[in-house]
Amino acid sequence: MSEECSASSCSSCGVSGCGSRKAPEEKPKTARANVKHVIGVVSGKGGVGKSLVTSLLASQMHKRGFKVGILDADITGPSIPKAFGMSGRLTADNDGINPGMTESGIKVMSVNLMLPQEDMAVAWRGPVITGLLKQFWEETNWEDVDYLFVDMPPGTSDIFLTVMQSFPLEGIVTVSAPQELVAMIVGKAVNLAHDMNVPVIGLVENMAYFKCDECDKEHFIFGEPQGRFVAKRYQIPAYSTLPIDPEFARLCDMGKVEDYDVADKLDPIIEQIEIASRLADAKKEGEQAQG
Ligand SMILES: Nc1ncnc2c1ncn2[C@@H]1O[C@H](COP(=O)(O)OP(=O)(O)OP(=O)(O)O)[C@@H](O)[C@H]1O
């Protein structure tokens with residue numbers, strides 16, 4: 001029998017018995033074993049469209065027939081449930097916490113699915129957030145997931161470091177807005193990822209241009225996009241641009257982000273994610289063959 005989670009009654013999820021749940025090694029099985037590939041989506045700065053890109057990548061992978069999950073690690077600014085129009089509270093059972101499910105079937109774990117009201121502020125200190133994130137990873141009943149996308153907190157805070165250190169990230173996709181300053185900040189995240197041995201798979205330059213309905217011309221409002229040069233500078237193998245599109249904001253507000261037709265705009269990133277996964281699978285098979 002499932003019971004409801006409530007973050008208001010406990011520093012983490014508050015499910016009765018949850019706080020005294022046994023240590024991971026004593027649990028029958030963590031869902032972790034069935035999550036095949038974990039991809040982080042990062043940005044050096046807030047508000048550049050990281051959650052939007054996470055949602056679009058997850059939706060695209062799901063449309064390609066993969067089983068997909070999103071772990072919303074942006075604990076103090078969670079926006080994934082709203083973008084997918086999810087409400088209601090999570091449930092838990094003896095095996096762990098059951099993730100929420102989007103309309104199309106993407107699994108989602110987010111603190112906003114634990115709060116009594118979606119506008120309730122999360123003013124928790126770092127160690128509490130760190131504990132919650134580890135719980136999200138270790139104690140969620142993800143079951144079979146081909147690709148788990150982690151919407152990381154913006155910047156390079158201690159929470160960012162926790163995710164980088166505790167989650168088996170196969171690679172990260174970094175999101176930038178067109179201003180050079182933001183690109184420079186992205187460079188910090190990229191350098192940190194390199195230091196932590198996590199490959200940077202792709203760079204998405206969001207809000208790179210605006211396409212006029214009338215003349216069908218692309219206007220580069222913030223000047224010529226710098227992302228291609230940034231990608232080259234940091235040896236990031238895939239690069240995509242997304243336009244400023246009021247439809248994004250409209251669909252996110254309506255909770256219908258899955259309905260956005262991103263066409264082939266993110267294909268270079270998606271192809272690179274698939275290449276990274278194939279490499280990781282081959283590496284695992286090689287290690288298993290060696291015993
Ligand atoms: N290309 C775009 N065109 C129009 N609106 C956009 C675009 N990208 C993002 N937005 C809007 O900007 C807002 C911020 O986007 P989003 O939440 O994805 O940013 P974020 O980087 O995840 O922010 P934070 O890290 O602070 O949570 C949202 O309302 C989103 O709909």
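Student: Which residues of helix α4 are buried?
Tutor: In α4 (residues 158-166), I159, V163 and M164 are buried. This is a predicted model, where local features need pLDDT of at least 70, side-chain atom pairs count only at pLDDT 80 or more, and totals for chains, interfaces and linings use all residues. Residues are numbered from 1 along each chain as its sequence is written.

Student: What counts as buried, and as a helix?
Tutor: Buried means 20 or more other C-beta atoms within 10 Å of the residue's own, exposed means 12 or fewer, and partly exposed is in between, with C-beta atoms placed from the backbone. Helices (H or I, at least four residues) and strands (E, at least two) are DSSP runs, numbered from the N terminus.

Student: New topic. Which residues touch the most other members of the largest nonpolar core?
Tutor: L57, V150 and V173, out of 74 residues in that core. Such a core is a set of buried Ala, Val, Leu, Ile, Met, Phe, Trp, Tyr and Cys residues joined through C-beta atoms within 7 Å. Helix α1 gives the most to this core, with six residues.

Student: What is V150 in contact with?
Tutor: Leaving aside neighbours within four places in sequence, V150 contacts V38, G40, V41, L71, A73, V163 and F167. Contact means that the two C-beta atoms, placed from the backbone, lie within 7 Å.

Student: Now the loop between β2 and α1. Is G46 buried, exposed or partly exposed, and why?
Tutor: G46 counts as partly exposed because it has 13 C-beta neighbours inside 10 Å. G46 lies in the loop between β2 (35-43) and α1 (50-63), and touches G77 and P154, not counting residues up to four places away in sequence.

Student: Why does G49 count as buried?
Tutor: Because G49 has 22 C-beta neighbours inside 10 Å. G49 is also in the loop between β2 and α1.
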